[in-house]
2 protein chains.
Amino acid sequence: SAQGDGSGSAFVSVLSDFETKTVLRDSAREKNIFIHGKIVDQDAIVILEKTPIRQDNLPEMFQDSRLKLEMKNDIYSTYQLQPPAHLNEIKTTVICPATEKHVKKYLRQETFLVEETGDDYRSITLPYISSQSFSVQWVYNILEKKAEADRIIFEDPDPNTGFVLLPDFKWDQKQLDDLYLIAIVHRRDIKSLRDLRSEHLPLLRNIRKKGEETIQKQYSVRPCKLRVYLHYQPSYYHLHVHFTSLDYEAPGCGVERAHLLSDVIQNLEADSEYYHGRSLSFPLRADDSLLLRFREAGRL
Amino acid sequence: SAQGDGSGSAFVSVLSDFETKTVLRDSAREKNIFIHGKIVDQDAIVILEKTPIRQDNLPEMFQDSRLKLEMKNDIYSTYQLQPPAHLNEIKTTVICPATEKHVKKYLRQETFLVEETGDDYRSITLPYISSQSFSVQWVYNILEKKAEADRIIFEDPDPNTGFVLLPDFKWDQKQLDDLYLIAIVHRRDIKSLRDLRSEHLPLLRNIRKKGEETIQKQYSVRPCKLRVYLHYQPSYYHLHVHFTSLDYEAPGCGVERAHLLSDVIQNLEADSEYYHGRSLSFPLRADDSLLLRFREAGRL
C-alpha cells in the first residue's frame, strides 16, 4: 500500500507486514543487520544498513538536530543526536521470495575462542587433522607448476629453505591498497606454527627477507608497509606465510588468529620448543568439527 | 542552552554553534566522521558515528518507518527507510577545547611498521614519552571517582593488584555485539607492556579472572566470547587492558598492535624479562613525533 506525504514522494509500507524469524548476521561496526522472516506467506530476507555520514549534510545536521547529553568528563562529552529524518536514512534491501541458499549465504556462524595447550594439540587437534586427511593437493599443484604457474611472482627452489610467492585469491592485483600475497614453503613436513622449531629459523628468515625484497622490487612497497604473519589455526595444513598491506585490515589479521613472523622468529630464537608447549588461542566457528572435539573433551 | 521536549528529556543545542573547519577522517564502512572546527572561540573536535541496529527495535522500526522504493529487479528491491528518530540516533562525542594533539590523533594518516628493540625503547621511545609528559589526569579522575564514577561496573580496590572496569567510550552499551570494556589498574607505575615483569603476574591474572567473571555476571557473555588484550604502543601510558566481543572487529585488535593478555601472562611466566628485551612491532602514523624520532635515529 502506498501513502502520500507532503513532498509528493511515494512511501510504501511493505515492511509493516514483515515478521522476523531470525537475525542471520549483524555488524555493530558496519551498522548493518541481515534478517530472515516472512512477508505475508513468502520467505524474505531484509538487509538494513545505515548510510555513511556525508560531509555536505553537516551544516544542516548541526543546525536542525536535537542533542541529549550523556556524559561529561573534563574536555570530553558525549551526546545522542537526533538528526532530521531525511539526513539519516537506512538503506534497505528486500529479497522476496528468498530461497534456502539466500538464507545460508547471509547466516553468520558464531565463533568461540579456544585456548589450546600443547597437550590439547597432541590429544585433540592433531588426531582431528590426521583423521580428516585435508587435501593439500592444490598446494602441491602450485609447488609442482601443475597449476597457477603463471601467478608465481618469485620462487626460491631450495628444498629446505625455499618457497613460492604468489598473490592471494582475495587480491585482484588492481590496486596496492589491499595487497595480499602468500608464501608457500617447498617442505611438506610442516603442518602449522605448532610444528616450528629452531631448526626452521633459516627457512623463516629466508621467507621474510626474500618475500620483502620481492615485494619491494615488484610493487615498490617497503617492508615497513607490510604485515607479515602466520595463521593459527591455518585454513590448510601446509606451512604458508601471509604478506598484507599494513593499511589494509585484511580478514584474519586480528590478534586472535594472526602471529607476526618477526615474533615467531624471536620466540624460536629464545626457545626452540616455544610453539610445542605454549597455549595458543584461536577462534572456531560454531559449525567447525574441531570445536565439537574440544567440547567433547570438556575443554570449552 | 537547554530546551524542553514532550518527554521531559533535556535537549541541548551546543552544536548549532559549531563551525566545521575540516573533516579529519571518515569511514563509509563504519559510518563515522571526525570533524575539526570551532565552538564559539574554542577549537573543538566532533565525532559522529551512527549506532548499530538493534534487534529489539526491529518490530517498532518495521511498524513505524517510512519506506521509499529505490529499485526493483526480480526478487530484489531496495528502499530508503526513515525510522522513528529515537531509534536512529547518532552517537556524538565532543572534545572541547581540543589541542593540536587531538587534531593529529584523529587526522587520517599513512602508517609505518616500526620494529622497536629493547634498546630502541630505552634510547628512543622512553625519552620521548617522558619529554611529552602526556597527561593521564582523566585516568586519575576515574580512579579517584572524580569523574565517570557511575560508569564503573566493577572495582578491585587493592593498590597492587586492583583495577576498575568500565565501558570504553566507543561502546554505547545498548547491544552486546560491540561490547568494549577497559580495565584500568590502580598502580600508577606501569606505563605499558614494556614495563611488565613477572612480579606483575598477580595483577594480570587478577584482571583476567575478575574481568571475565564480571562480564559474565553483568552481561552474560562467556570468556570464550571475549578478546582480552593490551595495545603496544598504547594510546595513554597508564596500564590498561581491553575486553572486546570476539565477534566484533574492534579497531586496534590487529596483530600489529594487540597482544593477547593470555600470551602476555605465558610469556612473563617463561621469562620475566620477555618484554624488556624483545623487539616489538607496532604501526606509527606518518605524523607521529615518535616516528620522527625513529627516523632521526636511522631506525626506519
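Which residues line the second largest cavity?

Modeller: This is a predicted model, in which local features need pLDDT of at least 70 and side-chain atom pairs count only at pLDDT 80 or more, while totals for chains, interfaces and linings use all residues. Residues are numbered from 1 along each chain as its sequence is written, chains are lettered from A and ligands numbered from 1 in the order in which they are written, and side-chain values use heavy atoms, without hydrogens or water.

The lining of the second largest cavity consists of Lys191(A), Ser192(A), Leu193(A), Leu230(A), His231(A), Pro234(A), Tyr236(A), His238(A), Leu239(A), His240(A) and His242(A). Two elements of chain A, β13 (226-231) and β14 (240-245), each give two or more residues to this lining; strands here are DSSP runs of E with at least two residues, helices are runs of H or I with at least four, and both are numbered from the N terminus. By class the lining has five nonpolar, five polar and one charged residues. Nonpolar covers Ala, Val, Leu, Ile, Met, Phe, Trp, Tyr, Cys and Pro, charged covers Asp, Glu, Lys and Arg, and the others, Gly among them, are polar.

A cavity is a set of points on a 1 Å grid over the protein atoms alone where a 1.4 Å probe fits but cannot get out, and a lining residue has an atom within 4 Å of a point. The second largest cavity holds about 60 Å³ of space. Volume means the space filled by probe spheres set on the points, with grid points joined across faces, edges and corners. The search of the whole structure finds five cavities of 30 Å³ or more.

For context, the largest cavity has a volume of about 310 Å³. Its lining has 23 residues, and His259(A), Asp263(A), Asn267(A), His259(B) and Asp263(B) lie nearest its centre. In both chain A and chain B, β15 (258-260), α6 (261-270) and α7 (274-277) give two or more residues to that lining. The lining of the largest cavity divides into 14 nonpolar, five polar and four charged residues.

Back at β13 of chain A, the loop between α5 (201-219) and this strand holds Ser220(A). Ser220(A) is not a glycine, yet has a positive phi of about 55 degrees. Most residues other than glycine have a negative phi. With a relative accessible area of 61%, Ser220(A) is exposed; exposed means over 50% relative accessible area with a 1.4 Å probe and protein chains only.

Definitions and conventions
1 Å grid on protein atoms, 1.4 Å probe; cavity = no way out; pocket = protein on both sides within 12 Å on 5 of 7 lines; lining within 4 Å. Buried < 20%, exposed > 50% of the residue type's maximum accessible area, 1.4 Å probe, protein only.
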